[in-house]
Amino acid sequence: MCGIVAYVGNKEAYPIILKGLKRLEYRGYDSAGVALLNQKEILLYKKKGKVSKLEDYAADKEKQSTIGIGHTRWATHGPPNDVNAHPHLSGDGRYVIIHNGIIENYDSLKKELINRGHEFKSDTDTEVLVHLIEDICQNESLSLEDAVRTALNEVVGAYAIVVMDRETPDQLIAAKNSSPLVIGVGDEDFYLASDATPIIEYTKNVVYLEDGQIAVLKKGEEIKLSNIQNQTVTPYIQELEMNLEAIEKGGYEHFMLKEIYEQPQSIRNSTLGRLNLKNSLITLGGIEEFESKFLNANRIIFVACGTSWHSALVGEYMIEDVARIPVEVEYASEFRYRNPIINEKDIVIAISQSGETADTLAALEIAKKKGATIYGICNVVGSSIARATDAGSYTHAGPEIGVASTKAFTAQITILALMALSLANKKGSIAKSRYHNLLSQLNQIPELVEKALETNDQVKYIADLYQNAKNFLYLGRGYNFPVALEGALKLKEISYIHAEGYPAAEMKHGPIALIDEEMPVVAIATRKGSYEKVVSNIQEVKARDGKIIAIVTEGDTTVREMADHVIEIPETDEFLDPLITVIPLQLLSYHVAVMRDCNVDQPRNLAKSVTVE
Ligand code: M6R
């Protein structure tokens with residue numbers, strides 16, 4: 001978690017850092033801070049709360065500097081307050097650091113440093129690291145670069161750090177292990193950030209630091225890269241593909257709404273160059289490369305968290321349905337600690353929007369050690385998970401800034417549909433006619449999503465009626481069970497209303513006890529496989545006075561007679577239904593959250609990518 005930004009060069013550093021922090025606020029917004037260097041004096045401004053609080057606080061303060069580091073925090077060690085905010089100073093005030101990650105052995109290091117006379121101001125693990133660097137610099141007479149290297153060799157944990165030295169006003173030292181860090185290479189200057197969004201408007205040339213690498217960035221000089229063992233590394237400078245427009249709100253009130261409305265295009269982008277309707281062909285690079293592994297796999301195991309875990313569940317239904325390969329879906333956080341049975345005939349697929357989720361990354365590493373083939377479905381190009389895999393498919397949904405995942409979910413499902421159909425076709429486990437039909441329906445999904453988005457006004461009306469509900473229940477069956485889970489997650493994370501998703505038939509095994517006239521129940525009842533059974537479940541809710549909000553197929557009359565509200569969506573094959581049924585659920589959570597005055601894009605206690613355990 002946390003976002004870090006830094007700059008060294010000839011421009012004013014503060015505006016670059018502040019703007020960058022605003023772009024990275026999705027990573028955490030408990031506090032923000034900046035350190036600048038002005039004539040060998042460190043100017044340090046930190047404030048609890050969002051970056052705007054820091055901006056107000058620093059408004060009338062001295063900020064002139066061409067070097068600086070900034071941080072937006074998601075609290076791990078110590079509560080969100082001004083003191084625990086980054087940057088953190090060394091005891092002698094000479095060094096200052098920003099850090100994203102967790103130093104796991106900070107407690108023992110802190111005790112040792114206290115024994116050596118160090119005094120700490122904050123509760124953070126980060127302050128321990130900068131004191132350790134200072135201690136090494138002083139006692140071993142090392143350069144800052146070597147002191148950072150020595151300190152990092154003593155540290156256990158995850159970090160992306162940038163260190164600034166009061167006595168070296170044109171140099172920054174950066175290092176990374178398990179937390180992302182990108183270096184933007186300008187003409188005579190360098191930009192650093194947790195992702196490329198703060199960098200994109202200044203330079204397209206970037207270096208993604210690898211784990212265990214240390215960079216020395218000196219104004220007007222070439223980047224100097226080495227590893228933690230002090231071996232020189234040649235930097236690989238690559239060009240960013242992202243554009244500025246993609247990371248701005250483009251007239252929408254919130255990123256989440258913009259991203260919901262981007263789905264026709266983002267789904268189209270996921271299929272671009274991969275779905276060739278004319279020749280009935282699917283080309284998914286990674287699958288072609290590992291074709292025989294996939295076709296002879298014992299099992300496919302998905303590892304993921306949150307929304308990505310929900311799309312993995314949809315993937316399980318899809319792959320088992322048409323490709324007939326056994327699939328298991330695992331919470332990455334459980335998988336990594338339970339000594340799973342994995343071998344070389346297994347394929348482990350990590351699904352992750354950010355490609356940085358710590359649990360998912362760790363689960364992959366375990367599977368890799370056990371000999372499985374590792375595949376990734378990620379949105380962020382060049383992310384840690386994407387780089388750790390043997391092969392993979394990017395979702396190409398474009399940057400997702402809202403903390404609540406929307407377009408990443410539908411893009412992941414699109415890739416999973418392509419994957420399932422491609423494998424099924426290669427295996428011959430699907431009838432040719434069904435294969436062609438599904439390809440053609442998949443190709444039409446963007447238009448159907450467009451139509452589903454037209455339910456917005458109706459959904460807003462319903463949101464108004466139920467905005468004060470204390471609980472919500474979401475029911476779905478088959479392909480729409482994971483959508484029920486996703487609808488509930490969306491509502492609870494941005495509107496703070498308790499919500500549960502359930503397989504509709506499970507309701508009578510417990511949750512039915514919750515139903516009364518106060519309980520809105522969102523039932524996904526499209527005219528598909530288990531339609532009649534879901535209709536019976538709706539009747540069970542009505543018999544207990546629950547309020548039914550039903551998502552139905554256009555023209556449905558049966559459910560209309562028993563539901564309090566029906567939202568009609570266009571029809572598609574059951575296999576692709578989640579891509580459409582999720583749309584009104586995303587809109588519902590969005591409108592309820594706006595009506596409850598919640599911070600839609602940055603819900604409390606959350607962060608966009610969970611890069612710590
Ligand atoms: O970046 P990832 O897809 O790995 O993130 C996984 C979850 O943290 C994420 O989906 C989270 O649940 C979202 N806030 C859901 O909207």
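C598, at 14% relative accessibility, counts as buried, where buried means under 20% relative accessible area, exposed over 50%, and partly exposed in between (1.4 Å probe, protein chains only). C378 is likewise buried, at 2% relative accessibility. The model is predicted: local features need pLDDT of at least 70, side-chain atom pairs count only at pLDDT 80 or more, and totals for chains, interfaces and linings use all residues. Residues are numbered from 1 along each chain as its sequence is written, and side-chain values use heavy atoms, with hydrogens and water left out.

With a disulfide taken as a pair of cysteine sulfur atoms within 2.5 Å, the count is 0 disulfides. For C378, the closest cysteine sulfur belongs to C305 and lies 12 Å away, so the two are too far apart for a bond.

A cavity is a set of points, on a 1 Å grid over the protein atoms alone, where a 1.4 Å probe fits but cannot get out; lining residues have an atom within 4 Å of a point. There are 2 cavities of 30 Å³ or more.

| Cavity | Volume | Lining by class |
|---|---|---|
| Largest | About 100 Å³ | 5 nonpolar, 3 polar, 4 charged residues |

The lining of the largest cavity includes R477, Y479, E574 and D577; β25 (520-525) and α18 (531-542) each supply at least two of its residues. Around the second largest cavity are 14 lining residues, with C2, T76, H86, G101 and D125 nearest its centre. β6 gives the most to this lining, with 3 residues.

How values were computed. 1 Å grid on protein atoms, 1.4 Å probe; cavity = no way out; pocket = protein on both sides within 12 Å on 5 of 7 lines; lining within 4 Å. Points joined across faces, edges and corners; volume = space filled by probe spheres on them. Helix = DSSP H or I, 4+ residues; strand = E, 2+ residues; numbered from the N terminus. Nonpolar A, V, L, I, M, F, W, Y, C, P; charged D, E, K, R; others polar.
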